[in-house]
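Have the sequence and the 3D view ready as you read.

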Amino acid sequence: MVRVACKRPPRIRPRYSSDYVSLLQSHPDARRLTQIHSRVVTSGLERDRFVAAGLVARYAALGRAGVAAARQVFDRAPHRDAFLWNVMLQAYAQAGPPSHEREAIALFARMRAGAPAPAFPNRYTYTFAVKECAATASNDDADAGRAVHALAVGAGVDHDVFVCNALVAFYAGHGDVAAARKVFDGVPAKDVVSWNSMIAGYAQNGHSDKAVALLRSMPRRDATCRPDLVTLVAVLPACANAFLVDDALASGLIAMYAACGQIDTARAIFDHARCRSPAVYSAMIQAYGSHGHGVEALNLFRLMLASGITPDGVCFVTVLSACAHGGLVDDGIRVFDTMGDHGVEKRQVHYACVVDLLGRAGQLTRALGVIESMPFEPGKDVWGALLSACRMHVDMELAKCAAERLLVLDPGNAGRCAALAQMYDNAGRWADASRVRRLMRDRGMNKPLASSIVEGNMDAGCSQGYESSAF
């Protein structure tokens, strides 16, 4: 037998700031980013403004989890130009509410005050500052937003399209539709975002007729102002207010708005539903769960029970998934244990949800215990959920066990083999990684490109994803 030498891939040894900037632009994950940051510190390049901006931007891309680290890098940077200040302000804006709006506004004030060194705000600075003021509905933030608007006027950027679009969203979000329209009318070169922001502002504040009228007045011949999908999303609530929404339409609209990140609009559709069936509740619970609002999903489930509506199997899938994404392990287990009380049979997809719930929380032994206690043979969804958890928490031996079961249950799925091979690579077990890839070649398994596997279809019509082939 000819042995194939498995060589360790060459390691990049950055020496200059440009090397680190290139590494940061490769979109590293959280673990790799921490390693790069450590190398930056030991090489003495953390004070380089380009490297610092790259670190802040990459930490910001992690969402709320990376904001604190981004701010630490920013505070240690001795040379802060407008670009670095803007990147930090953008990090706060990207984190989304509930975030650090007060800190962002304080940072904007420090920039204008020239502390610790002068840096002049530009149109992007004012845009990010206004977005932070729009993130909450408190009166203090409304006053801060008006103050930023006044400063933008003084700086001569109040007619800039980016600043104006942020101001329209800010005023509309605080219920001042007249001020939003005044800003909108003053934009000399409106783009589709300008129109969408104003249409959404009317719809969100109950001015359905004005939202539809503004949609009709959009200039169709101007390529920069043609209605798009976001326009449709913005105007649909106004149209929904004109008639009663039935169950089927409500479920579809809730799912669509959730996919677009419009959770508040999805809830408004839920509230307008003529009759809230289990399907409507399931759609709204899934909307909350997919965006990490596990507590809200649980509260809605409890409201459903209190209303005398009996949940079905699909509803339990959405609740369990919401608990998994929200880290609500004990709540999820309690929900799972009550399924029999509501006459709902526990099926493969429900056990897969529980394994995912425990696996995400790092309770791999407990997840394996659930699998071993199943009253029927575990399927590919269940083992796939365990493999994903093993990869997340780097449990090589359990991952190997799960992968071996999956090779029997789902022999044509290359994504799972690729996941195991990547885990071996990350652990430095090059021979094992080579063995898995050789097995893939022998079986003619090709790794799929950036696709997502969605499994767990139920007779009632539900699909819930537990893994991704792009491991």
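## A word to know first

A residue is called buried when its relative accessible area is under 20%, exposed when over 50%, and partly exposed in between. Keep in mind that this is a predicted model.

## Phe184 and Trp195

A pair of aromatic rings is described by the distance of the centres and the angle of the planes. The structure holds nine aromatic pairs. In one of them, the ring centres of Phe184 and Trp195 are 5.1 Å apart and the planes meet at 85°, so this pair is edge-to-face. Phe184 belongs to helix α10 (residues 177–185) and Trp195 to helix α11 (residues 192–204), so the pair ties together parts that are eleven residues apart in sequence.

Are these two residues buried or exposed? Phe184 is buried, with a relative accessible area of 2%, and Trp195 is buried too, at 10%.

## Tyr351 and Phe376

Tyr351 and Phe376 also form an edge-to-face pair, with 5.6 Å from centre to centre and 90° between the planes. Tyr351 lies in helix α20 (residues 348–360), while Phe376 lies in the loop between α21 (364–372) and α22 (380–393); the pair links distant parts of the chain, 25 residues apart.

Tyr351 has a relative accessibility of 8%, so it counts as buried. Phe376, at 29%, counts as partly exposed.

## Charges over rings

Which residue lies over the face of Phe184? That is Lys190, at 5.0 Å from the ring centre. Elsewhere, the charged end of Arg80 sits over the ring of Phe74, 4.7 Å from its centre.

How values were computed: Residues numbered from 1 in each chain as written. Predicted model: local features only at pLDDT ≥ 70, side-chain atom pairs only at ≥ 80, totals over all residues. Heavy atoms only, no water. Phe/Tyr/Trp six-rings, centres within 6.5 Å; stacked < 30°, edge-to-face > 60°. Helix = DSSP H or I, 4+ residues; strand = E, 2+ residues; numbered from the N terminus. Buried < 20%, exposed > 50% of the residue type's maximum accessible area, 1.4 Å probe, protein only. Lys NZ or Arg CZ within 6 Å of the ring centre and 35° of its normal.
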